[in-house]
Amino acid sequence: MNTLFAQTSFWYDFSGTASLEINYTNNTRPNACKVSSYKMFPEEYTDIIDTLSSGFGKKTYKIPVSGPQSVTLTLPGIEVPILLIPGASLACAVDFSDIKNVKFQTADSLSLINGYLLKKKFLSSSPVKNKSSEASPPAGYLTSYSAKMNDLYQKEMLFFDQNKDELPKWFQTHEYWNIRYADASARMNTVVSREISIQKAESIPPNYYSFLDALPVGNQSAKNNYKYYLFLYELFNKRLKEKKFAGCKSADWLPFHICQAEMELSGDVLDMYKAWAIQLVFNQYNRDVAKEYLKQNSNIFRDPVWLEKLQLSLKSKEKFLEKNKPAPNFVLTDLKDSLTSLKSMKGNVVVLSFWFAGCKPCIEEFPFENALAEKFRDQQVKIVNVCVNTTEENWRRYSERFGLKTINLWANPQWEKSVIEKYDLTVFPKYVLLDKNLNAVDTSAERPSQGLENQIMTLLNQ
């Protein structure tokens, strides 16, 4: 029996789910288990933290899945890459005496797919893990980075070619485009990330962008591939930065991206990208901008179901931390492994900056946050970064890479859920401004790059 994907009346299952069953043995002590996933639209993060008791047992988790979707199962000493599709039930066997020997126990081709992904991560002669993190700065400069990425890309494609015949046809197509678009996205993103980290534009080597020459922009066969939409996002950002407006009247981010999409894309891909772009602005940049754009352009979708789902999603996130009330306390880890509580900052104006590793808008604000920390260093002001949805290793790596000068805290699994819920973290970066009594003055404050300094000065002078 082969798993068929996208054979239903509609290719994208907005409310789909999949089941992941973990059967484990030889667990010598209680161990933490984490299941993480990201659904692109309507945006939904899944971050299930559980404990596997000693001995043997079974755990089953239901995960929101609207298309072929990557899931990460994290156990002590191992991260297992998993792919699920709507309606699927995948069982995996974990033997803690041989933790890397995970077995998938389904009768259909989903077992073959996930076996391939596991083999790709652990058993190939040249393992292909996170290409962008392996090859990214400090590689030194873009020439060496490009050479390293070329090598990784060739190895990944070779591994795919050697194993693709055992995989179902739909996944062969999915994986082929996943490799190509993920590679292209990483290369474009690295140029921007380096500019931010080194605080200056970097000379682009000749032919650096040659990977774009044979890569289709409009591609219906990649319409259910998240990496494809990341590629479109990076490509349109590149054009905007280079002022290649190509007939687009507005240089504002959202109208420009929608204009580019309308010129390059069609059908289902066009509807999906428009909905995702508007959702992205709402969740990560400016809610009012997204709502006003949608109000003025409600007829931009070919299929009205996208407008319906988008409006429902935006409405569901209209929640705010209550103003003029005490901010919920927390006790979080800093880079010296000490604990810092919010209560200890009473008597200062406090800015809480919530972010996660990989959040591009968050990274763009780091230099401005550092500037605020320097400006108010000798005054009763605390600029506090709070990192969520991120492993401790990645938090420390990002903190070092971008040289954060703020009070830099990490929400461990014991605090993470509480912080996310109490501060209504559906938008990143999110800034919360507190007065000297730690009452919430602005639960959705301006960004450091836009006007936060004036808000801080106003509070200081009261």
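**Labels and their cut-offs**

Author: The buried residues of α9 are V305, W306, L307, L310, S313 and L314. Buried means under 20% relative accessible area, exposed over 50%, and partly exposed in between, with a 1.4 Å probe and protein chains only. The model is predicted, so local features need pLDDT of at least 70 and side-chain atom pairs count only at pLDDT 80 or more, while totals for chains, interfaces and linings use all residues. Residues are numbered from 1 along each chain as its sequence is written, and side-chain values use heavy atoms, with hydrogens and water left out.

Reader: What covers the buried residues of α9?

Author: The cover includes α7 and α8. Contact means heavy atoms within 4.5 Å. Helices (H or I, at least four residues) and strands (E, at least two) are DSSP runs, numbered from the N terminus.

Reader: Why are α7 and α8 called roughly antiparallel?

Author: Helix α7 (residues 267–284) and helix α8 (residues 287–296) pack at about 150°, with axes 6 Å apart. Angles under 35 degrees count as roughly parallel, over 145 as roughly antiparallel, 65 to 115 as roughly perpendicular, and the rest as oblique. The α7 and α8 pair is therefore roughly antiparallel. Axes are lines fitted to C-alpha atoms, for helices over the stretch in contact, and angles run from 0 to 180 degrees between N-to-C directions.

Reader: Which residues meet there, in α7 and in α8?

Author: From α7 come I278, V281 and F282. From α8 come R287, V289, A290, K291, Y293 and L294. By class, the contact of α7 with α8 has seven nonpolar, no polar and two charged residues. Ala, Val, Leu, Ile, Met, Phe, Trp, Tyr, Cys and Pro count as nonpolar, Asp, Glu, Lys and Arg as charged, and the others, Gly among them, as polar.

Reader: What makes α6 and α7 roughly antiparallel?

Author: Their axes cross at roughly 170° and come within 10 Å. The α6 and α7 pair is therefore roughly antiparallel too. W253, L254, H257, I258, A261 and E262 of α6 make the contact with L270, Y273, K274, A277, I278, L280 and V281 of α7. The contact of α6 with α7 divides into ten nonpolar, one polar and two charged residues.

Reader: Why is Q260 called buried?

Author: Its relative accessible area is 1%. Q260 sits in helix α6 (residues 253–264). Beyond four places in sequence, Q260 touches F236, R239, K244, F245, A246 and C248. Q260 and R239 are 21 residues apart in sequence and 9.2 Å apart in space, C-alpha to C-alpha.

Reader: What makes T46 count as buried?

Author: T46 has 10% relative accessibility, so T46 counts as buried. T46 belongs to strand β3 (residues 44–52). Not counting residues up to four places away, T46 touches V35, S36, S37, I63 and P64.

Reader: How do you know that the buried residues of α3 are on the same side?

Author: The buried residues of α3 are L142, Y145, S146, M149, L152, E156, M157, F159, F160 and N163. They cover an arc of only 155° around the axis, which puts them on the same side of α3. The arc is that of the directions from the helix axis to the C-beta atoms. Exposed Q154 and Q162 are on the face turned away from the buried side of α3.

Reader: What puts the buried residues of α13 on the same side?

Author: In helix α13 (residues 452–460), the buried residues are L452, I456, L459 and L460. They cover an arc of only 100° around the axis, which puts them on the same side of α13. Among the elements they pack against are β11 (349–355) and α10 (360–375).

Reader: Why does N207 count as exposed?

Author: N207 counts as exposed because its relative accessibility is 66%. N207 lies in the loop between α4 (169–198) and α5 (226–241). N207 has a positive phi of about 65° although it is not a glycine.
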